[in-house]
Amino acid sequence: MAVRDWHFVLRADAPLTERQSDLRDHLESFNDGRISLVEGPGTAEFWCTFEAGTLTAAIAEALNLFEQLPGVLVRSLELGPRELGQNGMTTSAVVPG
């Protein structure tokens with residue numbers, strides 16, 4: 001199976017607290033270029049690029065990292081047009097919020 005980069009967005013159920021933000025800032029796994037935090041009013045999104053053989057493996061790897069951030073819950077996942085097309089999906093809502 002060929003390994004490739006998978007791009008997806010994980011949305012948190014709430015903005016990060018100051019404590020969670022400080023912890024994330026010091027975790028190598030959240031600062032190695034694979035996950036970017038994008039915050040807005042009342043939101044926190046993690047834009048992800050993971051290398052894996054399958055989309056499922058890439059998502060699982062990303063989700064496992066959140067065990068290092070107590071209290072941060074991922075409520076939904078969104079795929080971009082490339083991933084949707086390559087996986088024969090017709091909607092961007094893979095896991096509804």
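Predicted model: local features only at pLDDT ≥ 70, side-chain atom pairs only at ≥ 80, totals over all residues.

Student: What is the mean pLDDT of the protein, and which elements have the lowest and the highest?

Tutor: pLDDT is the predictor's confidence in each residue, from 0 to 100. The protein has a mean of 87, and 84% of its residues reach 70 or more. Among the elements, helix 1 (residues 18-25) has the highest mean, 96. Strand 5 (residues 93-95) has the lowest, 51.

Student: What makes a run of residues a helix or a strand?

Tutor: Both are DSSP runs, numbered from the N terminus: helices are H or I with at least four residues, strands are E with at least two. The protein has 3 helices and 5 strands. Along the sequence their pattern is β-α-β-β-α-β-α-β.

Student: How many of the contacts join residues at least 24 apart?

Tutor: A contact means heavy atoms within 4.5 Å. Take the contacts between residues at least 6 apart in sequence: 66% of them join residues at least 24 apart.

Student: What does Leu 37 touch?

Tutor: Leu 37 sits in strand 2. Leaving out residues up to four places away in sequence, Leu 37 touches Leu 16, Arg 24, Ala 44, Glu 45 and Phe 46.

Student: Why is the pair of Phe 30 and Phe 66 called edge-to-face?

Tutor: Rings of Phe, Tyr and Trp (its six-membered ring) pair if their centres lie within 6.5 Å; planes under 30 degrees apart are stacked, over 60 edge-to-face, and the rest tilted. The structure holds 4 aromatic pairs. In this one the centres are 5.3 Å apart and the planes at 85°, so the pair is edge-to-face. Phe 30 is in the loop between helix 1 and strand 2, and Phe 66 is in the loop between helix 2 and strand 4, 36 residues apart.

Student: Why is the pair of Phe 46 and Phe 66 edge-to-face?

Tutor: The centres of Phe 46 and Phe 66 are 4.9 Å apart and their planes are at 85°, so this pair is edge-to-face. Phe 46 belongs to strand 3 (residues 43-52) and lies 20 residues from Phe 66 in the chain. Phe 30, Phe 46 and Phe 66 form one aromatic cluster.

Student: Are Phe 30, Phe 46 and Phe 66 buried or exposed?

Tutor: Phe 30 has a relative accessible area of 1%, so Phe 30 is buried. Phe 46 has 0%, so Phe 46 is buried. Phe 66 has 7%, so Phe 66 counts as buried.

Student: How do you know that Glu 45 forms a salt bridge with Arg 11?

Tutor: A salt bridge is a side-chain nitrogen of Lys or Arg within 4 Å of a carboxyl oxygen of Asp or Glu. Here the closest N and O atoms are 2.9 Å apart. Arg 11 is in strand 1 (residues 4-12) and Glu 45 in strand 3, 34 residues apart. Glu 45 has 16% relative accessibility, so Glu 45 counts as buried.

Student: What else does Arg 11 form a salt bridge with?

Tutor: Arg 11 also forms one with Glu 78, where the closest N and O atoms are 2.9 Å apart. Glu 78 lies in strand 4, so the pair ties together parts 67 residues apart in sequence. Glu 78 has 31% relative accessibility and therefore counts as partly exposed.

Student: What makes Glu 61 and Arg 34 a salt bridge?

Tutor: Their closest N and O atoms are 2.6 Å apart. Glu 61 is in helix 2 and Arg 34 in the loop between helix 1 and strand 2, so the pair ties together parts 27 residues apart. Glu 61 has a relative accessible area of 31%, so Glu 61 is partly exposed. Arg 34 is partly exposed as well, with 24%.

Student: Which residues do salt bridges that share partners join into one network?

Tutor: Arg 11, Glu 45 and Glu 78.

Key:
Residues numbered from 1 in each chain as written. Heavy atoms only, no water. Buried < 20%, exposed > 50% of the residue type's maximum accessible area, 1.4 Å probe, protein only.
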